[in-house]
Amino acid sequence: MNIVMQKNKLSYGQMYYAKLKAKQLGITVDQYLSQKGKRSFTIKKGTPVAKAEEVSLDKVVRLSDLNVSDSMLKCNSTGLIVDTIYSHEGGIPVGTNIMCTGDPGVGKTTLLLHTLANLQKKNPHLKCLFVCAEMSKIQMFKYMRRFPVFGEVTTVFSSDYMNHNFKDVMEKLMNEGYDYVLVDSIVEVLESVKEDNGMSQVTAEKWLIDLCVKNNEAKNKRKAYTTFMLVQQVTKNGVFVGSNKLKHITDAHMEMKRESERDGGATYIMFSKNRNGQAGIRFNYQLSNNEIDYGTMTFEESEPQSFELQNGTNR
């Protein structure tokens, strides 16, 4: 098996380990993989071998002594009632990854773009970006006419970069330092990256994970702790498209669902996983031609907690 095929078959953790071992031995990753499994490593004459470093336990500290600044803990409000389900503090946290899945036609793009647009409107100092890889400019313009607040959001269309390597486009964009980025959808972005670079699905997913983590940690020009809202497709049976690696880097998994007609056909949001707030809470919403109404929040094994319907059109 050649090195390229071998690297493509490695998991994210295996590749990370290979990089560490190669660095320790003073050789390249390719050299390490070519020698893996043999009794010893054949290192070319003159190749410097890194000395084993003494293990320091200085970084083993109490949680209360962690070097975490207030800027890493901030939550920004959209001004909408949905702030209550994103975090305990209210608002969308910085430096986090939110996976967003939902049934076809349930309103994933509309709901999330509405959230992002209101976040930008309420917080003009923030830099918010919508990466649109699924819809054309004309369709998005029609959307904006229905929901004028969408015009608040800076948008990049993947169709504008058909003659460019979209991996390079995304990396350059993220290096500018955005506070919140909505990607619609992961599947389309990964397909472009795979095609432009001859990558396998595994390698493309590793690239996306690295890109998210890098910017979560504010490694960009503005030193912004970027939050990613990642729209992912599901099959007709509701099965997540893609590998579980993408799930593991997310701090929250937001599911948008529609009840069967027999049960009323209502649409609702529920976090099946949320490290920043409560999971298992059903939050009803209703889409119409030019507005979003947020209705009741239902806690597991409890009575619905009613809110006055909040019209999202002009917010």
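Predicted model: local features only at pLDDT ≥ 70, side-chain atom pairs only at ≥ 80, totals over all residues.
Local features need pLDDT of at least 70 and side-chain atom pairs count only at pLDDT 80 or more, while totals for chains, interfaces and linings use all residues. Residues are numbered from 1 along each chain as its sequence is written, and side-chain values use heavy atoms, with hydrogens and water left out.

**View 1. Asp65 pairs with Arg62 in a salt bridge.** Here a salt bridge is a side-chain nitrogen of Lys or Arg within 4 Å of a carboxyl oxygen of Asp or Glu, and the structure holds 10 of them. In this one, the closest N and O atoms are 3.1 Å apart. Asp65 is partly exposed at 44% relative accessible area, whereas Arg62 is exposed at 58% (buried is under 20%, exposed over 50%, partly exposed in between; 1.4 Å probe, protein chains only).

**View 2. Glu176 meets Lys221 through their side chains.** The N to O distance in this salt bridge is 3.2 Å. Glu176 sits in the loop between helix H7 (166–175) and strand S6 (180–184), and Lys221 in the loop between helix H9 (201–216) and strand S7 (227–231), so the pair ties together parts 45 residues apart in sequence. Helices (H or I, at least four residues) and strands (E, at least two) are DSSP runs, numbered from the N terminus. Glu176 is partly exposed at 29% relative accessibility; Lys221 is exposed, at 58%.

**View 3. Arg282 and Glu259 form a salt bridge.** Look for the N to O distance of 2.6 Å. Arg282 belongs to strand S10 (residues 282–287) and Glu259 to the loop between strand S8 (252–258) and strand S9 (267–274), so parts 23 residues apart in sequence are tied together.
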